[in-house]
Amino acid sequence: MEDAVLTAYRDHGMFLARGGTVFEVFSELMGKVTGCARGKGGSMHLYRRQNNFFGGWGIVGTPPPLGTGLAFALKFLKRDNVAVAIYGDGAENQGQVYEAKNMAALWNVPVIFLVENNHFGMGTAEWRASKKASYFDRVSYIPGLKVDGMDVFAVKEALLFCKDHCLTRKGPIVLECDTYRYHGHSMSDPGSSYRTRDEIKQIRQVRDPIQHLKLIILREQVIPEQQLTEIDKQVKKDVEDDVRRAQQAALPEAADLFTDVYKQHKGFVIHGCDRKVTTYKT
Ligand SMILES: Cc1ncc(C[n+]2csc(CCOP(=O)(O)OP(=O)(O)O)c2C)c(N)n1
């Protein structure tokens, strides 16, 4: 939990992995005060500062430069920790990603650029958008590795390797996780115009990470299948309970619009805004 992590808008799983609760997620999605950002961030801005989860960012390509900044801070503070900046294959084609990579390599800061390569962006496929659809070796001056992102154990090993590399070599590394997106990107993307239904079906059958883990658990006789079914049932019930509790929670007060937005500071004025609203009384 001491390493800094930040990701893009598909942040829900990462928030939970960093100790957040399902109740906080659904509250945030519904704009309730019980959300992790007090209902003012929404789905794309989950945040858990106390466990070094730095969001949740809606703007594509944000994690690499911010992750580089976080890694710079960790180095400056002489911590034995790294920053993990998670972003997509679509984001990899953005200019700011290369500015961040250049700076991270130039200053030897301990950042892992973790590309979730699910092979699709918004309404398009990587082969339509990327001249070179291989990300771990895109720049010559930062080492990289590629891992099966659908294999939880392989991802863990790869991350341990990357962390060790960043701290001992004192510099960045790229980790490309090969994964897949079953659904369309959002409501405006049915997800079927750039691939076939057969392809999706086949990946589900052959590579699904949850099914893969389940097979290993059963093969190694970690717990019996019956127990897995019970866990599934319990999780479903817990999630439904949390959704119900979130629905019943309160919305923020109107006055909350002006809190948590700007740091209170003597004589603080923001250019171009209504002074009555943005000037804080001391
Ligand atoms: C700067 C910016 N441009 C465009 C968008 C709209 N947009 C949201 S997600 C997305 C696709 C990103 O693809 P990728 O990085 O591969 O992430 P994925 O959702 O596939 O994980 C786009 C273009 C945005 N949020 N920010």
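Val147 has Cys177 as its bridge partner in strand E5. The link between E4 and E5 passes through helix H6, residues 152-168, in a right-handed β-α-β crossover. This is a predicted model. It contains zero disulfides.

**Strands E4 and E5**
- E4 covers residues 144-148, and E5 covers residues 173-178.
- The two strands run parallel and are joined by five bridges.

**Cysteines**
- Cys162 takes part in no disulfide. Its nearest cysteine sulfur belongs to Cys166, 6.6 Å away.
- Cys162 counts as buried because its relative accessibility is 0%.
- Cys177 has its closest cysteine sulfur in Cys162, at 8.3 Å, which is too far for a bond. A disulfide needs the two sulfur atoms within 2.5 Å.
- Cys177 is buried too, because its relative accessible area is 7%, and the cut-off for buried is under 20%.

**Largest pocket**
- The volume of the largest pocket is about 1800 Å³.
- Its lining is made up of 46 residues. Closest to the pocket centre are Gly13, Met14, Glu116, Gly149 and Val152.
- Helices H1 (12-17), H6, H8 (209-219) and H9 (225-248) each give two or more residues to the lining.
- Strands E2 (83-88) and E3 (111-117) also give two or more each.
- By class, the lining holds 24 nonpolar, 13 charged and nine polar residues.

Technical notes. Residues are numbered from 1 along each chain as its sequence is written. This is a predicted model: local features need pLDDT of at least 70, side-chain atom pairs count only at pLDDT 80 or more; totals for chains, interfaces and linings use all residues. Side-chain values use heavy atoms; hydrogens and water are left out. Buried means under 20% relative accessible area, exposed over 50%, partly exposed in between (1.4 Å probe, protein chains only). Two strands pair if DSSP finds at least two bridges between them. Helices (H or I, at least four residues) and strands (E, at least two) are DSSP runs, numbered from the N terminus. A crossover is right-handed if, with the strands pointing away from the viewer, the path from the first strand over the helix to the second runs clockwise. On a 1 Å grid over the protein atoms alone, a cavity is a set of points where a 1.4 Å probe fits but cannot get out, and a pocket is an open set with protein on both sides within 12 Å along at least five of seven lines; lining residues have an atom within 4 Å of a point. Grid points are joined across faces, edges and corners, and a volume is the space filled by probe spheres set on the points. Ala, Val, Leu, Ile, Met, Phe, Trp, Tyr, Cys and Pro count as nonpolar, Asp, Glu, Lys and Arg as charged, and the others, Gly among them, as polar.
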